[in-house]
Amino acid sequence: MANKKKFYVVWKGKREGIYETWADCKAQIEGFKGAQYKSFQDFAAAKKAFNGNYLDYKGKSKGKKELSPEELLKIGEPDYNSISVDAASSGNPGRMEYQGVDTKTKKLLFKQGPFPQGTNNIGEFLALVHGLAFLKNNKSSRILYSDSRIAMSWVRKKKCRTKLKKNSKNKSLFELIDRAEKWLEQNSYNTPIVKWETKAWGEIPADFGRK
């Protein structure tokens, strides 16, 4: 019987991400002190875990379904003096769009797309950079929420590390990516980018509701 395919999450390693083979995963963690990684049976579980907290999955065969009252108390409530961003992609790649909303009122602050060919990770990255520029232009001290660890990592590194190849269908999207990367290189900001705790607070207010 053939072995079931696994997906490997690397929360901390040479390069964070979700890998389809143990060899690729091992290359990211071998020799890396304090590496954080775990295997999952399907991509959906791996993606959920990667966007969550490593400690929730460490040493467990399955991730926690619910947080304990103590954990909820520790996390606390979201800061509603903030904006939230999210992206949605119909296919991978597929039609993609992203938006930013006021966390408390869900009032739409900005929206881009749909683009004919993109990925959710690209959308999450662009949404964060758009959010940073929006807050800076408005001289706002609000924080910025995202539920994507991948996008937050890309923003920290000032680079969209997508594997999507540039072509005629996504040319305009890659132009936006270039602009976003240049903005990160040329601008400083004090905006805290904070992980939205989906397990404690539910879906992020900017969610497109397509799950």
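A residue counts as buried when its relative accessible area is under 20%. The legends below describe close-up views of a predicted model.

**View 1. Strand S4 within the structure.** Strand S4 covers residues 82–91. Seven of its ten residues are buried, so S4 is largely enclosed by the rest of the structure.

**View 2. The strands that pair with S4.** S4 pairs with strand S5, residues 94–102, in the antiparallel sense, and nine bridges link the two. In this pairing Ile83 stands opposite Asp102 of S5. A hairpin of two residues leads from S4 to S5. S4 also pairs with strand S7, residues 143–146. That pairing is in the parallel sense and has three bridges. Here Ser82 stands opposite Ile143 of S7.

View 3. Gly100 is found in strand S5. Is Gly100 buried or exposed? Its relative accessible area is 0%, and the cut-off for a buried residue is under 20%, so Gly100 is buried. With neighbours within four places in sequence left aside, the contacts of Gly100 are Ser84, Val85, Lys107, Leu108, Leu109 and Phe110. His130 lies 30 residues away from Gly100 along the chain, and the C-alpha atoms of these two residues are separated by 8.3 Å.

**View 4. The crossing of helices H4 and H5.** Helix H4 spans residues 120–137 and helix H5 spans residues 149–157. Their axes come within 8 Å and cross at roughly 55°. H4 and H5 are therefore oblique to each other. The crossing is right-handed. On the H4 side, the contact is made by Asn121, Ile122, Glu124, Phe125, Leu128, Val129 and Leu132. On the H5 side, the contact is made by Ile150, Ala151, Met152, Trp154 and Val155. How many residues of this contact are nonpolar, polar and charged? Ten are nonpolar, one is polar and one is charged.

**View 5. The buried residues of H5 and what covers them.** In H5 the buried residues are Ile150, Ala151, Met152, Ser153, Trp154 and Val155.

Terms used: Residues numbered from 1 in each chain as written. Predicted model: local features only at pLDDT ≥ 70, side-chain atom pairs only at ≥ 80, totals over all residues. Heavy atoms only, no water. Buried < 20%, exposed > 50% of the residue type's maximum accessible area, 1.4 Å probe, protein only. Helix = DSSP H or I, 4+ residues; strand = E, 2+ residues; numbered from the N terminus. Pairing = 2+ DSSP bridges. Axes fitted to C-alpha atoms, helices over the stretch in contact; angles between N-to-C directions. Parallel < 35°, antiparallel > 145°, perpendicular 65-115°, else oblique. Left-handed = near helix turned anticlockwise from the far one by under 90°. Contact = heavy atoms within 4.5 Å. Nonpolar A, V, L, I, M, F, W, Y, C, P; charged D, E, K, R; others polar.
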